[in-house]
Amino acid sequence: MVARLVIAAPSSGSGKTTVATGLMAAFAQAGLAVSPHKVGPDYIDPGYHSLATGRPGRNLDAYMCGPELVAPLFAHGARGCDLAVVEGVMGLYDGASGLGELASTAQVSKLLRAPVVLVVDASSQSRSVAALVHGFVSFDPQVRIGGVILNKVGSDRHEALLREAMEDVGVPVLGALRRAPQVDTPSRHLGLVPVAERRADAVAAVAAMAEQVRAGCDLDALLTLARTAPPLGGQPWEPESALGPDQSARGSAAALRAQPDPAPPACEERGPGGTAPGSGRNGVGRAPARRPVVAVAGGSAFTFSYAEHTELLAAAGAEVVTFDPLRDEQLPPGTSGLVIGGGFPEVYAAELSANERLRKAVAELARSGAPVAAECAGLLYLARSLDGQPMCGVLDADARMSGRLTLGYREAVAVRDNSLAVAGTRLRGHEFHRTVIEPGAGATPAWGLVHPERRVEGFVQGGVHASYLHTHWAARPEVARRFTEGCAG
(Lines give C-alpha, C1' and ligand atoms only; values in the text may rest on other atoms or scores of the structure.)
Protein backbone atom coordinates (compact mmCIF):
# COMPACT_ATOMS: atom_id res chain seq x y z
CA MET A 1 0.00 0.00 0.00
CA VAL A 2 1.59 3.25 -1.16
CA ALA A 3 -0.17 6.60 -0.86
CA ARG A 4 -0.20 8.21 -4.30
CA LEU A 5 -1.25 11.23 -6.31
CA VAL A 6 -1.38 11.89 -10.04
CA ILE A 7 -0.61 15.50 -10.97
CA ALA A 8 -2.45 16.37 -14.19
CA ALA A 9 -3.55 19.48 -16.10
CA PRO A 10 -5.97 20.55 -18.82
CA SER A 11 -3.07 21.10 -21.23
CA SER A 12 0.69 21.27 -21.55
CA GLY A 13 2.26 24.40 -20.10
CA SER A 14 -0.10 24.59 -17.14
CA GLY A 15 2.61 23.95 -14.56
CA LYS A 16 2.54 20.17 -13.97
CA THR A 17 6.31 19.82 -13.72
CA THR A 18 6.64 22.73 -11.29
CA VAL A 19 3.89 21.43 -9.02
CA ALA A 20 4.85 17.75 -9.22
CA THR A 21 8.55 18.40 -8.63
CA GLY A 22 7.80 20.91 -5.89
CA LEU A 23 5.52 18.43 -4.12
CA MET A 24 8.12 15.67 -4.39
CA ALA A 25 10.80 17.90 -2.92
CA ALA A 26 8.58 19.36 -0.19
CA PHE A 27 7.41 15.95 1.01
CA ALA A 28 10.93 14.52 0.80
CA GLN A 29 12.28 17.42 2.85
CA ALA A 30 9.53 16.67 5.39
CA GLY A 31 11.04 13.24 5.90
CA LEU A 32 8.85 11.09 3.65
CA ALA A 33 10.31 8.54 1.25
CA VAL A 34 8.87 9.78 -2.05
CA SER A 35 8.74 7.72 -5.24
CA PRO A 36 8.79 9.85 -8.44
CA HIS A 37 7.04 8.82 -11.66
CA LYS A 38 6.28 10.35 -15.05
CA VAL A 39 3.51 9.33 -17.46
CA GLY A 40 4.76 8.85 -21.01
CA PRO A 41 8.18 8.51 -22.63
CA ASP A 42 9.73 11.78 -21.41
CA TYR A 43 13.32 11.46 -20.15
CA ILE A 44 13.97 15.01 -18.94
CA ASP A 45 11.33 15.58 -16.24
CA PRO A 46 12.36 12.42 -14.36
CA GLY A 47 15.81 13.94 -13.92
CA TYR A 48 14.28 16.80 -11.94
CA HIS A 49 12.12 14.31 -10.05
CA SER A 50 15.22 12.33 -9.10
CA LEU A 51 16.92 15.48 -7.88
CA ALA A 52 13.88 16.29 -5.73
CA THR A 53 13.57 12.85 -4.14
CA GLY A 54 16.97 11.17 -4.27
CA ARG A 55 15.39 8.20 -6.07
CA PRO A 56 15.39 7.19 -9.76
CA GLY A 57 12.67 8.92 -11.75
CA ARG A 58 10.62 6.23 -13.50
CA ASN A 59 8.31 6.32 -16.50
CA LEU A 60 4.86 4.77 -16.82
CA ASP A 61 4.05 4.36 -20.50
CA ALA A 62 0.98 2.32 -21.38
CA TYR A 63 1.74 2.47 -25.12
CA MET A 64 5.32 1.21 -25.06
CA CYS A 65 4.94 -1.21 -22.14
CA GLY A 66 1.24 -2.04 -22.32
CA PRO A 67 -1.45 -1.14 -19.77
CA GLU A 68 -0.86 -4.43 -17.95
CA LEU A 69 2.65 -3.36 -16.89
CA VAL A 70 1.77 0.11 -15.56
CA ALA A 71 0.79 -0.99 -12.05
CA PRO A 72 3.60 -3.58 -11.66
CA LEU A 73 6.26 -1.07 -12.82
CA PHE A 74 4.79 1.54 -10.48
CA ALA A 75 4.88 -0.90 -7.56
CA HIS A 76 8.48 -1.82 -8.39
CA GLY A 77 9.59 1.80 -8.24
CA ALA A 78 7.48 2.71 -5.21
CA ARG A 79 8.44 -0.27 -3.06
CA GLY A 80 9.18 0.83 0.50
CA CYS A 81 8.07 4.44 -0.04
CA ASP A 82 5.59 6.49 1.97
CA LEU A 83 4.23 8.42 -0.99
CA ALA A 84 4.33 8.31 -4.78
CA VAL A 85 3.82 11.38 -6.95
CA VAL A 86 3.05 10.76 -10.63
CA GLU A 87 3.43 13.65 -13.07
CA GLY A 88 1.09 13.41 -16.03
CA VAL A 89 1.71 14.11 -19.70
CA MET A 90 0.07 16.78 -21.89
CA GLY A 91 -3.59 17.30 -21.01
CA LEU A 92 -5.32 14.85 -18.68
CA TYR A 93 -7.19 13.01 -21.45
CA ASP A 94 -4.54 13.28 -24.20
CA GLY A 95 -2.99 9.95 -25.21
CA ALA A 96 -1.49 8.17 -28.19
CA SER A 97 -2.81 9.75 -31.36
CA GLY A 98 -5.89 8.05 -32.72
CA LEU A 99 -5.97 5.39 -29.99
CA GLY A 100 -8.46 6.85 -27.54
CA GLU A 101 -7.30 7.03 -23.94
CA LEU A 102 -4.27 4.77 -24.46
CA ALA A 103 -1.16 6.19 -22.74
CA SER A 104 -3.05 9.18 -21.35
CA THR A 105 -2.70 10.44 -17.80
CA ALA A 106 -6.36 9.57 -17.28
CA GLN A 107 -5.75 5.94 -18.23
CA VAL A 108 -2.72 5.68 -15.94
CA SER A 109 -4.65 7.20 -13.03
CA LYS A 110 -7.32 4.52 -13.47
CA LEU A 111 -4.77 1.73 -13.74
CA LEU A 112 -3.17 2.97 -10.50
CA ARG A 113 -6.54 3.68 -8.83
CA ALA A 114 -5.03 7.01 -7.84
CA PRO A 115 -6.69 10.36 -7.12
CA VAL A 116 -5.89 13.15 -9.55
CA VAL A 117 -4.93 16.71 -8.66
CA LEU A 118 -5.65 19.07 -11.56
CA VAL A 119 -3.20 21.95 -12.03
CA VAL A 120 -5.00 24.83 -13.74
CA ASP A 121 -3.31 27.83 -15.31
CA ALA A 122 -5.60 30.55 -13.94
CA SER A 123 -3.63 33.49 -15.30
CA SER A 124 -6.31 34.63 -17.78
CA GLN A 125 -9.58 33.63 -16.14
CA SER A 126 -11.65 33.92 -13.00
CA ARG A 127 -15.14 32.38 -12.87
CA SER A 128 -14.51 30.39 -16.06
CA VAL A 129 -12.17 28.16 -14.06
CA ALA A 130 -15.26 26.51 -12.55
CA ALA A 131 -16.63 25.56 -15.98
CA LEU A 132 -13.27 24.20 -17.07
CA VAL A 133 -12.85 22.04 -13.95
CA HIS A 134 -16.47 20.87 -14.12
CA GLY A 135 -15.89 19.66 -17.68
CA PHE A 136 -12.80 17.69 -16.72
CA VAL A 137 -14.51 16.16 -13.68
CA SER A 138 -17.58 15.04 -15.63
CA PHE A 139 -15.85 13.86 -18.82
CA ASP A 140 -14.91 10.45 -17.39
CA PRO A 141 -16.54 9.50 -14.07
CA GLN A 142 -13.93 6.75 -13.58
CA VAL A 143 -11.22 9.39 -13.23
CA ARG A 144 -11.31 10.65 -9.65
CA ILE A 145 -10.28 14.31 -9.54
CA GLY A 146 -9.76 14.90 -5.85
CA GLY A 147 -8.68 18.53 -5.92
CA VAL A 148 -7.36 21.49 -7.86
CA ILE A 149 -4.21 23.58 -7.59
CA LEU A 150 -4.60 27.03 -9.10
CA ASN A 151 -1.38 28.12 -10.78
CA LYS A 152 -0.10 31.54 -11.91
CA VAL A 153 -2.52 33.42 -9.69
CA GLY A 154 -2.02 37.17 -10.03
CA SER A 155 -3.10 38.61 -6.65
CA ASP A 156 -5.06 38.00 -3.45
CA ARG A 157 -8.16 39.40 -5.16
CA HIS A 158 -7.67 37.08 -8.12
CA GLU A 159 -7.31 34.11 -5.78
CA ALA A 160 -10.50 35.05 -3.91
CA LEU A 161 -12.48 35.19 -7.17
CA LEU A 162 -11.12 31.79 -8.25
CA ARG A 163 -11.90 30.14 -4.92
CA GLU A 164 -15.41 31.58 -4.91
CA ALA A 165 -16.04 30.19 -8.40
CA MET A 166 -14.76 26.76 -7.40
CA GLU A 167 -17.26 26.52 -4.54
CA ASP A 168 -20.02 25.80 -7.07
CA VAL A 169 -18.13 22.82 -8.53
CA GLY A 170 -17.58 20.92 -5.30
CA VAL A 171 -13.91 20.19 -6.00
CA PRO A 172 -11.61 21.38 -3.20
CA VAL A 173 -8.89 23.91 -3.92
CA LEU A 174 -5.72 22.36 -2.49
CA GLY A 175 -3.37 25.17 -3.42
CA ALA A 176 -2.93 28.53 -5.13
CA LEU A 177 0.47 29.45 -6.52
CA ARG A 178 1.61 32.91 -7.51
CA ARG A 179 3.66 33.58 -10.59
CA ALA A 180 7.30 32.87 -9.68
CA PRO A 181 10.01 33.35 -12.33
CA GLN A 182 12.63 31.80 -10.04
CA VAL A 183 11.10 28.34 -10.52
CA ASP A 184 11.26 28.53 -14.31
CA THR A 185 13.66 26.10 -15.96
CA PRO A 186 15.29 26.86 -19.32
CA SER A 187 14.03 25.04 -22.39
CA ARG A 188 15.65 23.93 -25.61
CA HIS A 189 14.52 22.30 -28.84
CA LEU A 190 13.33 19.11 -27.08
CA GLY A 191 12.00 20.57 -23.83
CA LEU A 192 13.67 21.44 -20.55
CA VAL A 193 17.45 21.48 -20.29
CA PRO A 194 18.40 18.23 -18.47
CA VAL A 195 19.58 18.31 -14.87
CA ALA A 196 23.00 16.92 -15.80
CA GLU A 197 23.75 20.04 -17.86
CA ARG A 198 22.89 22.60 -15.17
CA ARG A 199 23.37 20.81 -11.87
CA ALA A 200 23.78 23.81 -9.54
CA ASP A 201 21.03 25.83 -11.21
CA ALA A 202 18.75 22.79 -11.24
CA VAL A 203 19.25 22.26 -7.50
CA ALA A 204 18.31 25.89 -6.89
CA ALA A 205 15.25 25.62 -9.16
CA VAL A 206 14.00 22.49 -7.39
CA ALA A 207 14.49 24.18 -4.01
CA ALA A 208 12.45 27.16 -5.25
CA MET A 209 9.70 24.83 -6.48
CA ALA A 210 9.55 23.17 -3.07
CA GLU A 211 9.33 26.52 -1.30
CA GLN A 212 6.60 27.76 -3.63
CA VAL A 213 4.56 24.58 -3.10
CA ARG A 214 5.00 24.73 0.67
CA ALA A 215 3.84 28.34 0.72
CA GLY A 216 0.86 27.88 -1.58
CA CYS A 217 -0.44 24.34 -1.08
CA ASP A 218 -2.13 22.47 1.73
CA LEU A 219 0.36 19.64 2.10
CA ASP A 220 -1.64 17.93 4.85
CA ALA A 221 -4.76 17.85 2.66
CA LEU A 222 -2.76 16.56 -0.31
CA LEU A 223 -1.23 13.77 1.77
CA THR A 224 -4.65 12.86 3.16
CA LEU A 225 -5.98 12.65 -0.40
CA ALA A 226 -3.04 10.47 -1.45
CA ARG A 227 -3.81 8.06 1.38
CA THR A 228 -7.33 7.47 0.06
CA ALA A 229 -5.90 5.44 -2.82
CA PRO A 230 -6.87 1.79 -2.32
CA PRO A 231 -4.36 -1.08 -2.36
CA LEU A 232 -3.17 -2.23 -5.77
CA GLY A 233 -3.57 -5.89 -6.62
CA GLY A 234 -0.89 -7.99 -8.25
CA GLN A 235 2.85 -8.25 -7.75
CA PRO A 236 5.54 -5.62 -8.37
CA TRP A 237 7.58 -6.00 -11.54
CA GLU A 238 10.95 -7.66 -10.95
CA PRO A 239 13.73 -7.75 -13.55
CA GLU A 240 14.74 -11.34 -12.66
CA SER A 241 11.17 -12.60 -12.94
CA ALA A 242 10.57 -10.61 -16.12
CA LEU A 243 13.53 -12.32 -17.79
CA GLY A 244 12.06 -15.71 -17.01
CA PRO A 245 13.98 -19.00 -17.17
CA ASP A 246 16.95 -19.07 -19.51
CA GLN A 247 16.73 -21.94 -21.96
CA SER A 248 20.05 -21.19 -23.64
CA ALA A 249 23.12 -23.40 -23.37
CA ARG A 250 24.91 -20.72 -21.38
CA GLY A 251 22.63 -21.16 -18.37
CA SER A 252 20.60 -18.67 -16.41
CA ALA A 253 21.55 -15.12 -15.51
CA ALA A 254 21.23 -16.14 -11.87
CA ALA A 255 23.82 -18.85 -12.42
CA LEU A 256 26.13 -16.36 -14.09
CA ARG A 257 25.84 -14.04 -11.13
CA ALA A 258 26.39 -16.88 -8.67
CA GLN A 259 29.81 -17.65 -10.11
CA PRO A 260 32.57 -15.68 -8.38
CA ASP A 261 34.72 -13.53 -10.63
CA PRO A 262 38.35 -14.70 -10.80
CA ALA A 263 40.57 -12.72 -8.49
CA PRO A 264 42.64 -10.21 -10.50
CA PRO A 265 46.41 -10.41 -10.21
CA ALA A 266 48.02 -8.01 -7.77
CA CYS A 267 49.70 -6.16 -10.62
CA GLU A 268 48.36 -6.52 -14.14
CA GLU A 269 50.43 -5.56 -17.14
CA ARG A 270 48.53 -3.14 -19.34
CA GLY A 271 48.68 -3.01 -23.08
CA PRO A 272 48.40 0.08 -25.28
CA GLY A 273 45.44 2.24 -24.31
CA GLY A 274 45.25 0.75 -20.81
CA THR A 275 43.73 -2.62 -21.79
CA ALA A 276 44.94 -5.97 -20.57
CA PRO A 277 46.84 -8.12 -23.09
CA GLY A 278 44.68 -10.91 -24.47
CA SER A 279 41.49 -9.32 -23.21
CA GLY A 280 39.78 -10.25 -26.49
CA ARG A 281 38.19 -8.35 -29.37
CA ASN A 282 41.19 -6.25 -30.44
CA GLY A 283 42.20 -5.25 -26.95
CA VAL A 284 38.82 -3.85 -25.91
CA GLY A 285 36.88 -7.11 -25.55
CA ARG A 286 35.56 -8.67 -22.43
CA ALA A 287 37.73 -9.19 -19.37
CA PRO A 288 38.40 -12.72 -18.10
CA ALA A 289 35.62 -12.25 -15.52
CA ARG A 290 32.53 -14.43 -15.88
CA ARG A 291 30.16 -11.47 -15.99
CA PRO A 292 30.44 -9.49 -19.25
CA VAL A 293 31.07 -5.77 -18.82
CA VAL A 294 28.45 -3.62 -20.52
CA ALA A 295 29.48 0.03 -20.81
CA VAL A 296 26.58 2.50 -20.70
CA ALA A 297 27.13 6.05 -21.95
CA GLY A 298 26.20 8.83 -19.52
CA GLY A 299 27.24 12.39 -18.71
CA SER A 300 25.73 15.58 -20.05
CA ALA A 301 25.52 14.45 -23.68
CA PHE A 302 23.69 11.16 -23.02
CA THR A 303 21.04 11.68 -20.34
CA PHE A 304 18.12 9.74 -21.81
CA SER A 305 17.70 6.28 -20.29
CA TYR A 306 15.17 4.20 -18.42
CA ALA A 307 16.24 2.76 -15.06
CA GLU A 308 14.77 -0.62 -15.97
CA HIS A 309 17.29 -1.09 -18.80
CA THR A 310 20.31 -1.30 -16.54
CA GLU A 311 18.31 -3.34 -14.01
CA LEU A 312 17.49 -5.88 -16.71
CA LEU A 313 21.09 -6.01 -17.94
CA ALA A 314 22.31 -6.66 -14.40
CA ALA A 315 19.63 -9.31 -13.88
CA ALA A 316 20.70 -10.97 -17.14
CA GLY A 317 24.23 -11.29 -15.77
CA ALA A 318 26.01 -8.16 -17.00
CA GLU A 319 28.29 -5.93 -15.00
CA VAL A 320 27.00 -2.48 -15.92
CA VAL A 321 29.57 0.34 -15.89
CA THR A 322 28.71 3.95 -16.75
CA PHE A 323 31.18 6.19 -18.58
CA ASP A 324 31.10 9.77 -19.91
CA PRO A 325 32.03 10.21 -23.59
CA LEU A 326 32.77 13.89 -22.92
CA ARG A 327 35.45 13.09 -20.34
CA ASP A 328 36.61 9.48 -20.50
CA GLU A 329 39.21 8.71 -23.14
CA GLN A 330 38.77 4.94 -22.94
CA LEU A 331 35.90 2.53 -22.53
CA PRO A 332 35.68 0.86 -19.11
CA PRO A 333 38.23 -1.98 -18.73
CA GLY A 334 37.00 -5.25 -20.16
CA THR A 335 34.11 -3.73 -22.09
CA SER A 336 32.40 -6.39 -24.21
CA GLY A 337 29.18 -4.54 -25.02
CA LEU A 338 28.13 -0.93 -25.37
CA VAL A 339 24.80 0.86 -24.82
CA ILE A 340 24.49 4.49 -25.97
CA GLY A 341 21.09 5.99 -25.24
CA GLY A 342 19.52 9.30 -26.10
CA GLY A 343 20.45 12.85 -25.21
CA PHE A 344 21.83 15.98 -26.81
CA PRO A 345 25.03 15.13 -28.71
CA GLU A 346 24.29 17.99 -31.10
CA VAL A 347 24.92 20.43 -28.23
CA TYR A 348 28.28 18.80 -27.49
CA ALA A 349 29.35 17.84 -31.01
CA ALA A 350 32.66 19.70 -30.80
CA GLU A 351 33.57 18.19 -27.43
CA LEU A 352 32.58 14.67 -28.48
CA SER A 353 34.59 15.05 -31.66
CA ALA A 354 37.63 16.31 -29.73
CA ASN A 355 37.71 13.09 -27.68
CA GLU A 356 39.38 11.25 -30.52
CA ARG A 357 40.80 8.43 -28.39
CA LEU A 358 37.36 7.36 -27.22
CA ARG A 359 35.89 7.66 -30.71
CA LYS A 360 38.56 5.29 -31.97
CA ALA A 361 37.94 2.88 -29.07
CA VAL A 362 34.21 2.80 -29.85
CA ALA A 363 34.90 2.19 -33.54
CA GLU A 364 37.35 -0.60 -32.70
CA LEU A 365 34.81 -2.28 -30.40
CA ALA A 366 32.14 -2.08 -33.10
CA ARG A 367 34.49 -3.49 -35.76
CA SER A 368 35.23 -6.44 -33.47
CA GLY A 369 31.59 -7.55 -33.69
CA ALA A 370 30.77 -6.77 -30.07
CA PRO A 371 27.11 -5.92 -29.35
CA VAL A 372 26.46 -2.18 -29.57
CA ALA A 373 22.97 -0.77 -28.95
CA ALA A 374 22.51 2.88 -29.91
CA GLU A 375 19.29 4.90 -29.66
CA CYS A 376 18.84 8.36 -31.18
CA ALA A 377 21.79 10.27 -29.69
CA GLY A 378 23.77 7.04 -29.83
CA LEU A 379 22.90 6.72 -33.51
CA LEU A 380 24.32 10.20 -34.14
CA TYR A 381 27.47 9.44 -32.16
CA LEU A 382 28.15 6.35 -34.26
CA ALA A 383 27.72 8.29 -37.51
CA ARG A 384 30.56 9.57 -39.65
CA SER A 385 29.82 13.16 -38.70
CA LEU A 386 27.38 15.35 -36.78
CA ASP A 387 26.92 18.92 -37.99
CA GLY A 388 30.26 18.61 -39.77
CA GLN A 389 32.15 17.37 -36.70
CA PRO A 390 33.78 13.92 -36.99
CA MET A 391 32.10 11.26 -34.85
CA CYS A 392 32.95 7.57 -34.42
CA GLY A 393 32.58 6.64 -38.10
CA VAL A 394 30.99 3.28 -37.35
CA LEU A 395 28.13 4.05 -39.74
CA ASP A 396 28.49 5.35 -43.29
CA ALA A 397 26.06 8.17 -42.58
CA ASP A 398 26.12 11.84 -41.67
CA ALA A 399 23.82 13.63 -39.22
CA ARG A 400 22.79 17.24 -38.84
CA MET A 401 20.33 19.45 -37.02
CA SER A 402 17.14 20.31 -38.86
CA GLY A 403 14.23 22.67 -38.30
CA ARG A 404 11.72 19.82 -38.17
CA LEU A 405 10.62 18.04 -35.00
CA THR A 406 10.02 14.31 -35.44
CA LEU A 407 7.81 13.20 -32.58
CA GLY A 408 5.45 10.34 -31.88
CA TYR A 409 4.85 6.74 -30.98
CA ARG A 410 5.85 4.04 -33.45
CA GLU A 411 5.16 0.34 -33.89
CA ALA A 412 8.13 -1.52 -35.31
CA VAL A 413 9.28 -4.95 -36.50
CA ALA A 414 12.87 -6.22 -36.47
CA VAL A 415 13.94 -6.67 -40.09
CA ARG A 416 16.55 -9.36 -39.39
CA ASP A 417 18.27 -11.07 -36.49
CA ASN A 418 20.48 -8.64 -34.58
CA SER A 419 22.08 -8.10 -31.18
CA LEU A 420 18.75 -7.03 -29.63
CA ALA A 421 16.05 -9.12 -31.26
CA VAL A 422 15.30 -11.92 -33.70
CA ALA A 423 13.72 -11.10 -37.03
CA GLY A 424 10.00 -10.48 -36.77
CA THR A 425 10.08 -9.22 -33.19
CA ARG A 426 7.43 -6.52 -32.80
CA LEU A 427 7.62 -3.74 -30.27
CA ARG A 428 6.46 -0.20 -29.68
CA GLY A 429 8.74 2.79 -29.33
CA HIS A 430 8.96 6.55 -29.54
CA GLU A 431 10.77 9.03 -31.79
CA PHE A 432 11.79 12.45 -30.49
CA HIS A 433 14.44 14.45 -32.35
CA ARG A 434 15.23 17.49 -34.45
CA THR A 435 18.08 15.90 -36.34
CA VAL A 436 18.24 13.93 -39.57
CA ILE A 437 20.70 11.28 -40.65
CA GLU A 438 21.51 10.55 -44.28
CA PRO A 439 20.95 7.89 -45.34
CA GLY A 440 18.12 7.15 -42.92
CA ALA A 441 18.67 3.40 -43.11
CA GLY A 442 21.54 1.08 -43.89
CA ALA A 443 21.70 -1.86 -46.26
CA THR A 444 20.13 -3.81 -43.41
CA PRO A 445 17.73 -1.53 -41.51
CA ALA A 446 17.19 -1.85 -37.77
CA TRP A 447 13.41 -1.61 -37.91
CA GLY A 448 10.53 -1.71 -40.29
CA LEU A 449 8.03 0.83 -38.97
CA VAL A 450 4.45 -0.36 -39.49
CA HIS A 451 2.40 2.25 -37.61
CA PRO A 452 1.47 5.06 -37.99
CA GLU A 453 3.57 5.10 -41.17
CA ARG A 454 5.41 2.44 -43.14
CA ARG A 455 9.14 2.87 -43.71
CA VAL A 456 12.47 1.37 -42.70
CA GLU A 457 15.02 3.10 -40.53
CA GLY A 458 18.23 2.52 -38.63
CA PHE A 459 21.26 0.32 -39.15
CA VAL A 460 22.27 -3.26 -38.38
CA GLN A 461 25.83 -4.21 -39.19
CA GLY A 462 27.82 -6.82 -37.31
CA GLY A 463 26.88 -6.46 -33.65
CA VAL A 464 25.71 -2.86 -34.07
CA HIS A 465 22.03 -1.95 -33.74
CA ALA A 466 21.54 1.81 -34.23
CA SER A 467 18.21 3.56 -34.57
CA TYR A 468 16.26 6.72 -33.81
CA LEU A 469 13.64 4.62 -32.03
CA HIS A 470 13.57 4.82 -28.22
CA THR A 471 12.31 1.58 -26.69
CA HIS A 472 11.43 0.41 -23.19
CA TRP A 473 12.99 -2.97 -22.49
CA ALA A 474 10.52 -3.82 -19.72
CA ALA A 475 8.08 -4.53 -22.56
CA ARG A 476 10.57 -6.96 -24.13
CA PRO A 477 12.91 -8.25 -21.39
CA GLU A 478 14.40 -10.79 -23.79
CA VAL A 479 16.21 -7.86 -25.43
CA ALA A 480 18.42 -7.50 -22.34
CA ARG A 481 19.08 -11.24 -22.17
CA ARG A 482 19.95 -11.50 -25.87
CA PHE A 483 22.25 -8.48 -25.67
CA THR A 484 24.02 -9.76 -22.54
CA GLU A 485 24.47 -13.26 -23.98
CA GLY A 486 25.99 -11.68 -27.08
CA CYS A 487 28.46 -9.86 -24.83
CA ALA A 488 29.33 -13.12 -23.09
CA GLY A 489 30.45 -14.53 -26.45
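Helix H1 (residues 16-29) and helix H8 (residues 219-226) are roughly perpendicular to each other (a label for angles of 65 to 115 degrees), because their axes cross at roughly 95°. These axes come within 12 Å, each being a line fitted to C-alpha atoms over the stretch in contact, with angles running from 0 to 180 degrees between N-to-C directions. The model is predicted, so local features need pLDDT of at least 70 and side-chain atom pairs count only at pLDDT 80 or more, while totals for chains, interfaces and linings use all residues. Residues are numbered from 1 along each chain as its sequence is written, and side-chain values use heavy atoms, leaving out hydrogens and water.

**Where H1 meets H8**

- Leu-23, Ala-26 and Phe-27 of H1 make the contact (heavy atoms within 4.5 Å) with Leu-219, Leu-222 and Leu-223 of H8.
- The residues of this contact divide into six nonpolar, no polar and no charged.

**The sheet and its helices**

- Here is an open sheet of six strands, with mixed pairing and the order S11-S10-S12-S13-S21-S20; helices (H or I, at least four residues) and strands (E, at least two) are DSSP runs numbered from the N terminus.
- At the edges sit strand S11 (319-323) and strand S20 (459-461), each pairing on one side only; two strands pair if DSSP finds at least two bridges between them.
- From one strand to the next, the twist averages 15°.
- Strand S10 (residues 293-297) pairs with S11 in the parallel sense over five bridges, and Ala-297 has Phe-323 in S11 as its bridge partner.
- Helix H11 (residues 307-315) packs on the sheet and touches S10, S11 and strand S12 (335-340); the direction of H11 makes about 140° with that of S11.
- Helix H15 (residues 478-488) lies across S10, S12 and strand S13 (372-375), running at about 145° to S12.

**The second largest pocket**

- The second largest pocket holds about 900 Å³ of space; on a 1 Å grid over the protein atoms alone, a pocket is an open set of points where a 1.4 Å probe fits, with protein on both sides within 12 Å along at least five of seven lines.
- This pocket is lined by 45 residues (each with an atom within 4 Å of a point), and the closest to its centre are Phe-302, Thr-303, Phe-304, Ser-305 and Tyr-306.
- Helix H2 (44-53) gives the most to the lining, with five residues, and S10, H11, S12, S13 and strand S21 (464-467) each supply at least two.
- By class, the lining has 26 nonpolar, 16 polar and three charged residues.

Conventions: Points joined across faces, edges and corners; volume = space filled by probe spheres on them. Nonpolar A, V, L, I, M, F, W, Y, C, P; charged D, E, K, R; others polar. Parallel < 35°, antiparallel > 145°, perpendicular 65-115°, else oblique.
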